[in-house]
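Good morning, and thank you for joining. I would ask you to look at the structure on the screen while I take you through it, one part at a time.

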Amino acid sequence: MTMIASPSRREFLVNLKALGGLVLVASVSDLVKAEEKYGADGMPHGWSDNPLIFVAIGGDGTVTIVVHRSEMGQGVRTGMPLIVADELEADWSRVRVTQAPADEEKYGNQDTDGSRSTRHFFEPMRRCGAAARTMLEQAAAQVWNVPVAQVHAANHAVIHAASGRKLDYGALAQRAAKLPVPARDSLRLKSPAQFLYIGKGETPLADGWDIATGKAQYGIDSVADGMLFAVIARSPTLGGKIASVDSTEAEKIPGVVKVMRLQANAQKATFQPLAGVGVIASDTWVAIKGRNALKIQWDEGPNGSYDSSSYRAELEHAARQPGKVLRSSGDFDGALSKASRKIQAEYYLPHIAHATMEPPAALARIVDGRCEVWAPTQAPQVTREDVALHLGISPENVTVHVTLLGGGFGRKSKPDFAIEAALLSREMGGKPVKVVWTREDDLHHDFFHTVSVEHLEAGLDAQGKVVAWMHRSVAPSIAATFGPDPKHEAPFEVGMGLINLPYKIDNLRIENPEATSHTRVGWFRSVSNIPHAFAVQSFIAELAAAANRDHRDFLLELLGPQRLIDPTAMGDSWNHGESPKRYPVDTARLRRVIEVATREARWGRKMPKGSGLGLAAHYSFVSYTAAVVEVTVNEKGEIEIPSVDVAFDCGPQVNPERVRSQLEGAVIMGLSLALTGEITFRRGHVQQDNFNSYRVMRMNEAPRDIRVHLLPTSDWSIPLGGAGEPGVPPIAPALCNAIFAASGKRIRQIPIKDQLRRV
Amino acid sequence: MDLLINGKTFQLSAGGDTPLLWVLRDHLGMTGTKFGCGMALCGACTVHVDGKAIRACVVSVSSLAGKKITTIEGIGETAPGEALQQAWVALNVPQCGYCQAGQIMSAAALLASSSQPTDLDIDAAMAGNICRCGTYPRIRAAIKRAALRMPKLDLVEGAK
């Protein structure tokens, strides 16, 4: 039984601590509180900057750089190595990139989430490259028998200027590798003016050509000799069990090799597989046919009655009563009672599914008690440890090969699919088994984005100034996936745009009434920032309209004077895991992105009838984003989105080209969830099956013109911000604010679907 | 039966009802063609049959005897395919890249029939290919770039 008890603890420590779930569980809170560490220091297994681990140089001078984070489209396999290559003075055309397997003790933390790979590893990777360069310089100095100060590295060679001698890195590699790694404080890092690749955005994608020619290998493409193929029929509900299985017909299908049961610990979700019936076959198609022929009765358990419409009513009820007070300043009730106008609004945002284009898939085999897994995982080490735990072997006996990820967005931080492959392989005596999820599996059994009701009330004085503000947020917590349901949003969830409201409002109260979780809730790109930003940014626009003010002017006025806000002063103990001193909330930076986005979108211009511009801004992942969406609503209520302007400040950008692409993608994802993104439950079952009922944005619906305005900085002393997620939160409210400007219709419920349709 | 794929003949070992997608991926090891939905809704599995873009996840191999199948592994041998692949790299189109093989196959069929497609032509040809990362603006730009740079052969396709 200890085998079952320990995964939750490990997951608590690794996953929730990483996300700042500091006081989630009384039994571990003291332990976690003891370490006040921030950034990469605060992550499990921290960081490494050891060049002997990350860099190898061949006799021909080929430099191989190890990437220990997972590539899911954010560009980490280009961005991380270019940092090393820059300090190393390597010629990028002679650099090869290789992917690290799961091994955090060796590489440092590998969780690829929270928009933090670059900001946590920029400095370690610079030191790593600088140390390798120093070792090559020392090796050359030894060869020539000159002081090391007389040599310098440039363009893949070390040069002795005085004598005109030059040695290629390939000629120095063996000797350099035998030298001790220089001490950190002895390293000479480049000045930004010397950067070759950092900040330039001119480095070709590491996998660009392989992707364009179909050679790139994703998890679902993994192969092994003698491999079998499997699909699994999973419990439609969290906590459901198999009541009975009749596999007679399935087993008659030629090519079906085996039908097996997977049990689940019903008490909590964790990352474990759901209960299910696996069909192992000679190819994926046969496995699917076999699964279709199964007759399964489920005991659906307590979540078998989960229903989205009645649950929404529950959340609304909770949102209309007082709840746990998270933050309070001034006297909200008193100020509201004296206000000239009282405004209130309630917003609803449903569950959404990640729908990565590559559905979850993994290959596993077991040979001589050692398991090998190939998986598109955002959490390599967690995958390794969880596979080990479920097989009852030690993590040292599990190798996780990290493939390319065909999309991640948080779904692939949860390695249930890799555990499934390992369990099925064990059932087959260790033969390689590849588990593939169909799209229906993916939509039915996701770790869904939370669902929420956001209730806001405000008072305006006679001049239209906000004098009172109250925000109640009600949503099931991700923490319920890992342990007893806390019924309240965890620190890392309230720290995503709820408690850390950076506006200048004297009388303020923020509350979080209880909500109970009934399904697997998990991280979805930008997480709780989505509902919080939607509510706050929509409500500010509503207040501006009520005050008959220009939305931008009203927003900037509400932001107040330029100031650095200590997140802890707002009750935010999390701050995206970063030091509140190093990363205060800078209202000047938020102001600047609002100014740039509105200027570039030509805010204030006269729009034709049926067209409008909408604005929203949000601080998340220690970065600042503002968006202006242009929309047209025709007489039938059909929406077109010709253009979007996004202004973004994440501090200095290591690879501006990929930052830009992340923002472009975030616009599409934000619009997509605003227009059509919704997962609903009825009698415990997800109602959407595939891309016909769970619609995502297509090319003909996407804005033709997405203009990303990166705020330039040449000051590399500004700490780096995240880039993968912060583009998403302002998009949905900016769209709905634009719809209001275009049509006078206020959208308070996501997705928009046909709310604007006029029959 | 035999299948003619990218100019080579392959002997089929799977059942005739098996969709081409799974024959390519599971039996022939040609994993460039991707699985995304199984219902011709996302375009990740797009290949060409006799030059037309089709979704390999819903076409049984039994219907493909004697037909010329082209996949992402072979499209670079054609002028549109090569031009598109180069444009994709030049504009850094991919993010995760998973859907891009299908995108290129749909775009190649478009360019084969329409050498200078309009935005509406592009919308019509590409609406069946989902990119969850949101690379649509770059896909559009890359198609236009490839169209401009494609070798101008005998463009006697006045029919279009």
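Let me begin towards the end of chain A, where A:P751 has its place in the segment after α21 (731–743) of chain A. Helices here are DSSP runs of H or I with at least four residues, strands are runs of E with at least two, and both are numbered from the N terminus. A:P751 is joined to A:I750 by a cis peptide bond, with omega about 0°.

A word on conventions. This is a predicted model, in which local features need pLDDT of at least 70 and side-chain atom pairs count only at pLDDT 80 or more, while totals for chains, interfaces and linings use all residues. Residues are numbered from 1 along each chain as its sequence is written, and chains are lettered from A and ligands numbered from 1 in the order in which they are written.

Let us turn to chain A as a whole. Its secondary structure comes to 21 helices and 28 strands. The radius of gyration, taken over C-alpha atoms, is compared with a globule rule of 2.2 Å times the number of residues to the power 0.38. For 759 residues a compact globule would have a value near 27 Å, and chain A agrees, with 27 Å. Along the principal axes, the C-alpha atoms of chain A fill a box of roughly 85 × 75 × 50 Å.

How much of chain A is buried? The figure is 60% of its 759 residues. A residue counts as buried if 20 or more other C-beta atoms lie within 10 Å of its own, as exposed if 12 or fewer do, and as partly exposed in between, with C-beta atoms placed from the backbone. Contacts are defined by C-beta atoms, again placed from the backbone, that lie within 7 Å. Of the contacts in chain A with a separation of 6 or more, 80% are between residues 24 or more positions apart.

A:E89 is found in the loop between α4 (76–88) and β3 (95–99) of chain A. Although A:E89 is not a glycine, its phi is positive, at about 60°. A:E89 counts as buried because it has 23 C-beta neighbours inside 10 Å. A:R683, in the loop between β26 (681–682) and β27 (685–686) of chain A, also has a positive phi, near 45°, and is likewise a residue other than glycine. A:R683 has 12 other C-beta atoms within 10 Å and is therefore exposed. A:G334, in helix α12 (residues 332–338) of chain A, is partly exposed, with 13 such atoms within 10 Å. The C-alpha atom of A:G334 is separated by 12 Å from that of A:M470, which lies 136 residues apart along the chain.

Next, a pair of helices. Helix α6 (residues 117–144) and helix α7 (residues 169–177) of chain A have axes that come within 9 Å and cross at roughly 95°. These axes are lines fitted to C-alpha atoms, for helices over the stretch in contact, and angles run from 0 to 180 degrees between N-to-C directions. An angle of 65 to 115 degrees counts as roughly perpendicular, under 35 as roughly parallel, over 145 as roughly antiparallel, and the rest as oblique. The two helices α6(A) and α7(A) are therefore roughly perpendicular to each other.

I come now to chain B, which has six helices and five strands. Along the sequence, they follow the pattern β-β-α-β-β-β-α-α-α-α-α. Of the 160 residues in chain B, 57% are buried. The C-alpha atoms of chain B fill a box of roughly 40 × 35 × 25 Å along the principal axes.

Within chain B, consider helix α5 (residues 119–126), where B:I122, B:A125 and B:M126 are buried. Seen down the axis of α5(B), the buried residues fall within an arc of 85°, so they line one face of the helix. The arc is that of the directions from the helix axis to the C-beta atoms. An α-helix has 3.6 residues a turn, so residues three or four places apart point the same way. The cover over the buried residues of α5(B) includes α4 (100–113) and α6 (136–149) of chain B.

Finally, where do the two chains meet? In the model, 47 residues of chain A are in contact with 46 residues of chain B. On the side of chain A, the elements that give two or more residues are α8 (208–212), α10 (284–292) and α20 (656–675). Of these, α20(A) gives the most, with seven residues.
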